[in-house]
Amino acid sequence: MSRKVLLVDDQHDTVNGFARLLNSDFDVTTAYDAKSALETIHKQGPFAVIVSDYSMPGMNGIELLARVRKESPSTSRVMLTGMAEYDVALAALNAGQVMRFLTKPLGHKELREVLDEGIALHLKSVEESCLAEELQSTRDCLKDLESSLESRDDQLVTRLKELSRLATALSTADSMHSIAQLAVETVSSELDGRAAQLEWSLAAGEEGLQMVRAGSELQGELHFEPLCTMDGEVGRIGVNLNSDGGDELDEEDRRFLASIASFMAVAVHGQLRRQERDEAQNAVIHALALLAERRDDETGKHLERVAGYCRLV
């Protein structure tokens, strides 16, 4: 607890006498005019209590304590004078420069009580100031958090709209290539321009693994999100872990990428099933054609001629 006290009086004997009596209980510093008092405050302050005489050469006590109030608001200020002038006391009190107004002669016991009161008031003022700073800091943090949440909400709404648009576009996609293009364009658009690639396994008997890329070639550290369906993993979508600006893929970005991967998995799985269906239909038609040819050569040749005409057309 700070018990620093500054006594200011142009009467050396008075101020030094008080200092000797109070030194056992307080950290007392003395000054003999307002100018030296201000220099002491700047070098050794802040003080818990400043007791100043009113009548001094140069700057008087009220002017000194007014300066102290501006520079150190938490310091308790006490006016001491040998003149019982109520207009002086009233001016000091009304201006808010002083906590107490004391007249000489003054006993050291009374002064000690006033100093204890002033120190308690100083501590209360410091605590209130700290609480006010903490409160302001908390308000600033809440404001920043609110701004951050609003920004995140805006981003979330934007991404939900983008996912909705993607779902609509995927419902009309008629090839693996168009599905891949939709995926990489969406990822690149929403994830800070990151390059993206989509790869999937084609149906059995085809080429096996095919890779589709958009944007620049993927380099450096990569993040892959699997495309999973009830039949297992059908492929994966990959992006650069860091954007061109150096921003790392954060948790929100990963969740968004996982949502896109889920949409892609359904689309790719559906496209593969459509390919299998078309191949099965073609096989059935071919088998029926062969069966018809074996039973009736004219009918079989007729089917072949019609197929030839279709090719020509």
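Two strands are taken as paired if DSSP finds at least two bridges between them. Helices (H or I, at least four residues) and strands (E, at least two) are DSSP runs, numbered from the N terminus. The structure is a predicted model, in which local features need pLDDT of at least 70 and side-chain atom pairs count only at pLDDT 80 or more, whereas totals for chains, interfaces and linings use all residues. Residues are numbered from 1 along each chain as its sequence is written, and side-chain values use heavy atoms, with hydrogens and water left out.

Strands β1 and β2 run parallel and are joined by 5 bridges. Within this pairing, Leu-7 has Thr-30 of β2 as its bridge partner. Between the two strands the chain passes through α1, and the resulting β-α-β crossover is right-handed (with the strands pointing away from the viewer, the path from the first strand over the helix to the second runs clockwise).

The structure contains 5 salt bridges, a salt bridge being a side-chain nitrogen of Lys or Arg within 4 Å of a carboxyl oxygen of Asp or Glu. One of them is formed by Asp-116 and Arg-3, whose closest N and O atoms are 3.1 Å apart. This pair links distant parts of the chain, since Asp-116 belongs to helix α5 (residues 108-171) and Arg-3 to the segment before β1 (4-8), 113 residues apart. Asp-116 is partly exposed, with a relative accessible area of 36%; the term covers values between buried (under 20% relative accessible area) and exposed (over 50%), computed with a 1.4 Å probe on protein chains only. Arg-3 is also partly exposed, at 26% relative accessibility.

Asp-25 lies in the loop between α1 (12-22) and β2 (27-31) and Arg-112 in helix α5, so the bridge ties together parts that are 87 residues apart in sequence. The relative accessibility of Asp-25 is 37%, which counts as partly exposed.

A further salt bridge joins Glu-71 to Arg-67, the closest N and O atoms being 3.5 Å apart. Both residues are in helix α3 (residues 61-71), and because they are 4 residues apart, about one helical turn separates them. Glu-71 is partly exposed at 41% relative accessibility, as is Arg-67 at 34%.

The charged end of Lys-4 sits over the ring of Phe-47, 4.9 Å from its centre (NZ of Lys or CZ of Arg within 6 Å of the ring centre and within 35 degrees of the ring normal).
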